[in-house]
Every structure is written in structure tokens, then in C-alpha cells.
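Student: I would like to go through this model with you step by step. Could we begin once it is on the screen?

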Amino acid sequence: MEDKPVISIKNLWAGYEADTILEDISFEMFQNDYVGLIGPNGGGKTTLIRVILGLLKPDKGTISVMGQEPVRGRRHIGYVSQFQVEDKHFPISVWDVVALGRLQPNLLQNFHIRPYDKEVIELALQQTGMFEYRKRTMNELSGGQRQRIYISRALAAEPKILLLDEPTSSVDSQSSNQIYNLLAELNDHIAILLISHDLTAISTYVKTIGCVNRQLIYQGNKELTADMVEIGYGCPVDLIAHGLPHRVIAGHQHEDHHD
Ligand SMILES: Nc1ncnc2c1ncn2[C@@H]1O[C@H](COP(=O)(O)OP(=O)(O)OP(=O)(O)O)[C@@H](O)[C@H]1O
Ligand SMILES: [Mg+2]
């Protein structure tokens, strides 16, 4: 099981019209992985997620999700996007938002909630601590609570892979710890790719770290390398600025450390 990647990307280039954003990305992710992706604003993290979801076609290179093209493989992905289409003014209930996670796009018509669907939806709401809010409408929730509902919706799809793009950006520290603890538990059977600017969370919870700034630096370990600093500025430099332990930063192999 462990030997087949859940996501496999080889020499991939992608962007918008003439604007190349991702350059020669190669990346493999396996079922037990929990990868944290960092990188400066505009570096291409969300673009990479779009390629993985089959929403953006690469210009060059190959990508597979669960051994299939992204448009087919993405049914195994639970996705929490960076910015949500605002449900704020639309009186849809929390329960229904999570129930949408059970839908396959081709089943949009004649969708019935079967007893099993109900169980999955309930569990997904319990996992984010939002079950008691199930009868509310989305406009009756805070931003952080809404975010937890979107995580529930992603879980309702019973994914093999979770892609989370800044899932805790509007969530308070207690709720985000709860979410990160939940993700750690889910990683028992779900591969997780987490994009975050929260470097404390990244360095605490994920198993391996990558940095995206047009290129991807990913060595399958948890060290922020000097290479990442070179291509990434925004990211590891933040880490240093925030005074987190220097031991996370690895120097070039043959250079002295000056800290
Ligand atoms: N639909 C689009 N059309 C054209 N350019 C786009 C589009 N979406 C994003 N871009 C550009 O692609 C680049 C990468 O954007 P992307 O959203 O992938 O960055 P990011 O790493 O997710 O940044 P952030 O940390 O701010 O979320 C940016 O320069 C952005 O302006
Ligand atoms: Mg982004």
C-alpha cells in the first residue's frame, strides 16, 4: 500500500495564459503523509492545489491522483479552500452544507440521504465539534465556525486525501488547535496536504515540509533548508523573525552555521 503514491507529479509546469506560475514541479505524496506547504503570497500554493484538483490543466508534465487523472482521482479528495464562496447571506443550514459533501457531481439529481450518509454527516460534524450547530443556518455562525463546517463538508466525502488551503486563518487558537489535533488523528488513514502561513502549527503538527515559490522544494523531511530560504524568502524568514527554534533551520551541508 505504502509504495503507491496518492499524488504523483512529474516535471509539471502550470500557470495562467502566458503567465507561468509553477516551474518544473515534481512531488510524490503517500497515504501516510502529512505534508505542510509554506511559501510567500503569490508563490503558487493555491495554483498547485488547483492543478491537483484538475481545475487547472498543466502546460507540461504529468500528474496523477490515486493513480488516475485529477478529474477522475479527485473524488478521493476532500478539499477546504482558502476563500469560501459566501454562504453568509444564503439561508442554507449547517447540516445541508455538510450533506453537500456526500454528493458526487454526477449525482446532483435525485440525491437522497440514506441512513449511511446520515451517519457520515453526523460524524463529520462531531469531528469538528460543530454537531450542536447543525440546525443553524450558515449566516448564524462566526467565520471560524463556518470554517469548521467546511472542514466537516470535506470529511463527509470520506476522502483518502485532504487538501487544506489555510484552514485556520480565521479560527481562534483554541479552535485551530482542535482542528490540528483532529487532522493528526485523521492522518491515521487520510493523507494530508496542508497549506499554512502558521509556521508554529506547521512545525508542530506536520510530518514533512515543502516550500513553494514557483518551484517546489520538498525533500520529504521536516527541515527548513537553506535552499528553501533562497527560493522562498517570505516563508522561512518569517520563521526566523518569529523567533521559533533555530534547530528547524538546516544550513547548507558544507557550510558553517553562524547563529
Ligand atoms: N485566475 C488567475 N488568473 C491569473 N493569475 C492568477 C490567477 N490566480 C492566481 N493568479 C496569480 O498566480 C500567482 C500565484 O497565485 P496563488 O494563488 O497560487 O498564490 P499562493 O501561493 O496561494 O498565495 P497566498 O499565500 O497569497 O494564498 C499570483 O501571482 C497570482 O496573482
Ligand atoms: Mg493561496
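Tutor: A residue is buried if 20 or more other C-beta atoms lie within 10 Å of its own, exposed if 12 or fewer, and partly exposed in between, with C-beta atoms placed from the backbone. This is a predicted model, in which local features need pLDDT of at least 70 and side-chain atom pairs count only at pLDDT 80 or more, while totals for chains, interfaces and linings use all residues. Residues are numbered from 1 along each chain as its sequence is written, and chains are lettered from A and ligands numbered from 1 in the order in which they are written.

Student: Is Glu166 buried, exposed or partly exposed?

Tutor: Glu166 belongs to the loop between β6 and α6 (173–186), where helices (H or I, at least four residues) and strands (E, at least two) are DSSP runs numbered from the N terminus. Its phi is positive, about 55°, although Glu166 is not a glycine; most residues other than glycine have a negative phi. Because Glu166 has 19 C-beta neighbours inside 10 Å, it counts as partly exposed.

Student: Which residue of β9 stands opposite Cys211?

Tutor: Cys211 lies in β8, where Ile38 stands opposite it, and strand β3 (residues 34–38) pairs with β8 in the parallel sense over four bridges. With strand β9 (residues 215–218), strand β8 (residues 208–213) pairs in the antiparallel sense, over four bridges. In β9, the residue opposite Cys211 is Ile217.

Student: What phi does Arg214 have in the turn of the hairpin?

Tutor: β8 and β9 form a hairpin with one residue between them, and Arg214 is placed in that loop. Arg214 is partly exposed, because 18 other C-beta atoms lie within 10 Å. Although Arg214 is not a glycine, its phi is positive, at about 65°.

Student: Which residues does Ala156 touch, leaving out those up to four places away in sequence?

Tutor: With 24 other C-beta atoms within 10 Å, Ala156 is buried. Contact requires C-beta atoms, placed from the backbone, to lie within 7 Å. By that criterion Ala156 touches Val98, Gly101, Arg102, Val120, Ile121 and Ala124.

Student: Which element gives the largest share of the shell around ligand 1?

Tutor: A residue is near a molecule or strand if its C-beta atom, placed from the backbone, lies within 6 Å of it, and the residues around ligand 1 include Tyr16, Asp19, Lys45 and Gln82. The elements that give two or more residues to this shell are β2 (19–29) and α1 (45–52). The largest share, three residues, comes from α1.

Key:
Contact = placed C-beta atoms within 7 Å. Pairing = 2+ DSSP bridges.
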